[in-house]
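Dear colleague,

Please find below the structure that I am handing over to you. My notes on what was found in it follow directly after.

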Amino acid sequence: MHTNTTILFRIIITKNSLMASMKLMFRILRHAICIAITLLKSLVWCLFDNFDYPILIKLADTFLSLYFIVFCDLRPITVDLNDGETTLHFWISGHRKINRPNLLMLHGYGANSKWQFITQVTDLSRSFNLFIPDLVFFGRSYSRNTDRSVEFQARSIVGGLKRLGCGGGKDGGDLSVYSISYGGFVAYRIAKIWPEMVERLVIVSSGVGFTQQQKVTEMKKHGGYVSEILVPSSPRDLRLLVRVSMNTGLRFLDWVPDFILSQFISVMYETNREELLDLAKNLLEREEEPEFFAISQKTLIVWGDKDQVFPLEHGRRLHRNLPNSSLEVLKEIGHGVNIEAPTTLNNLIISFVLGVVP
């Protein structure tokens, strides 16, 4: 009996010791895992924060390209002009249909065409044969030409379209143009200089017809130089650009870490920073010619009533100077109509270009 009791106590003591050892081991393992996760997290943030290669934005840009190809039936294509002096990068519909009108989409400052039109291409690709260029010095488009005028952008786009078989009229089918902000200046020049190419024109939140003083005055209202607004060089500048451009959208940007915004700036602005600054300077310092409003195409003007870049009154002024135009004002929307109200904007574009009464 004594022997059995002794054995039982030993078993109990051994079991308790084993359980205590296992608890200690699990405790040590848990602490080790926590330490490892903390170190790994710190290492990852440290690497991304100091790593010059903008890997996160490059990955996002690649996924955007896949989205354009797989879900929107768009294909990337490069066009060389003037013996390679100018290179234009386009996204075009992979399977053009003769029963669909051609739609040229011209972006503004802020990023390349993919990032600016990501919220619109799916719907618009179902109704149109799309031609979406990166304007010169944006994205993958570049030129050795020293001309920084809006006319140069217009000539380059027209040259690229003709190389792609979209010359307007009988040669390449009817062409309509949808443009936002800076792209509106380019679209207007195309409609004016090559009226036979453009059947209908959509201008969204663009300071077309502004005097030099009006342009500078509007930009300087926001407490920064024009270069800081249009071509940001720091996360603070990028947040300023978004704050000026949006009324309701992209508020989450305040929570995005600075290193991600720095990577975005590196991808979108650093390669051609000086050229982009020169484009902005040329645009802002040039007076519009008095006969600038003389175009005949049907024109749809779309404006957000909370636009802080080009206030609504300028949209109304543009409408008054275009007898063949209509004006749509979107409530509680800022300058970035394509981001804040893409579905409404798409419906307006489709109805207007296809001649459908909404």
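**Findings**

Phe137 is buried, with a relative accessible area of 2%; buried means under 20% relative accessible area, exposed over 50%, and partly exposed in between (1.4 Å probe, protein chains only). Phe137 lies in the loop between strand E4 (129-133) and strand E5 (142-143). Helices (H or I, at least four residues) and strands (E, at least two) are DSSP runs, numbered from the N terminus. The phi angle of Phe137 is near 80°, a positive value in a residue other than glycine.

Please note that this is a predicted model, in which local features need pLDDT of at least 70 and side-chain atom pairs count only at pLDDT 80 or more, while totals for chains, interfaces and linings use all residues. Residues are numbered from 1 along each chain as its sequence is written, and side-chain values use heavy atoms, with hydrogens and water left out.

**The chain and its confidence**

The protein chain contains 15 helices and nine strands. Of its 358 residues, 50% are buried. Among the contacts in the chain with a separation of 6 or more, 74% are between residues 24 or more positions apart; contact means heavy atoms within 4.5 Å.

The average pLDDT of the protein chain is 83, and 75% of the residues score at least 70. The pLDDT is the predictor's confidence in each residue, from 0 to 100. Over residues 41-50 the pLDDT stays under 50, and the model has seven contacts beyond four places in sequence for this stretch. Where pLDDT is low, the predicted coordinates should not be read in detail.

**Around strand E2**

A second residue with positive phi is Asp83, where phi is near 60° and the residue is again other than glycine. Asp83 lies in the loop between strand E1 (74-81) and E2. Is Asp83 buried or exposed? Asp83 counts as exposed because its relative accessibility is 84%.

His89 is placed in strand E2 (residues 86-93). With a relative accessibility of 5%, His89 counts as buried. Leaving aside neighbours within four places in sequence, His89 is in contact with Pro76, Ile77, Thr78, Ile132, Pro133, Asp134, Arg140 and Ser141. The C-alpha atoms of His89 and Leu135 are separated by 8.1 Å, although these residues are 46 residues apart along the chain.

Ser156 is found in helix H5 and is buried, at a relative accessible area of 4%. Not counting residues up to four places away in sequence, Ser156 touches Leu81, Thr86, Leu88 and Val136.

Two packed helices are described by the angle between their axes and the distance between the axes. The axes of helix H5 (residues 150-163) and helix H7 (residues 182-193) come within 9 Å and cross at roughly 70°. Axes are lines fitted to C-alpha atoms, for helices over the stretch in contact, and angles run from 0 to 180 degrees between N-to-C directions. H5 and H7 are therefore roughly perpendicular to each other (angles under 35 degrees count as roughly parallel, over 145 as roughly antiparallel, 65 to 115 as roughly perpendicular and the rest as oblique).

Which residues make this contact? From H5 they are Val150, Glu151, Gln153, Ala154, Ile157 and Val158, and from H7 they are Tyr182, Phe185, Val186, Arg189, Ile190 and Ile193. The residues of this contact divide into nine nonpolar, one polar and two charged; Ala, Val, Leu, Ile, Met, Phe, Trp, Tyr, Cys and Pro count as nonpolar, Asp, Glu, Lys and Arg as charged, and the others, Gly among them, as polar.

**Helices H10 and H11**

The axes of helix H10 (residues 235-245) and helix H11 (residues 258-270) come within 9 Å and cross at roughly 80°, so H10 and H11 are roughly perpendicular to each other. Pro235, Leu238, Arg239 and Leu241 of H10 meet Asp258, Leu261, Ser262, Phe264, Ile265 and Tyr269 of H11 in this contact. Its residues divide into seven nonpolar, one polar and two charged.

H10 is mostly covered, with nine of its eleven residues buried. Among them are Asp237, Leu240 and Val242.

Yours sincerely
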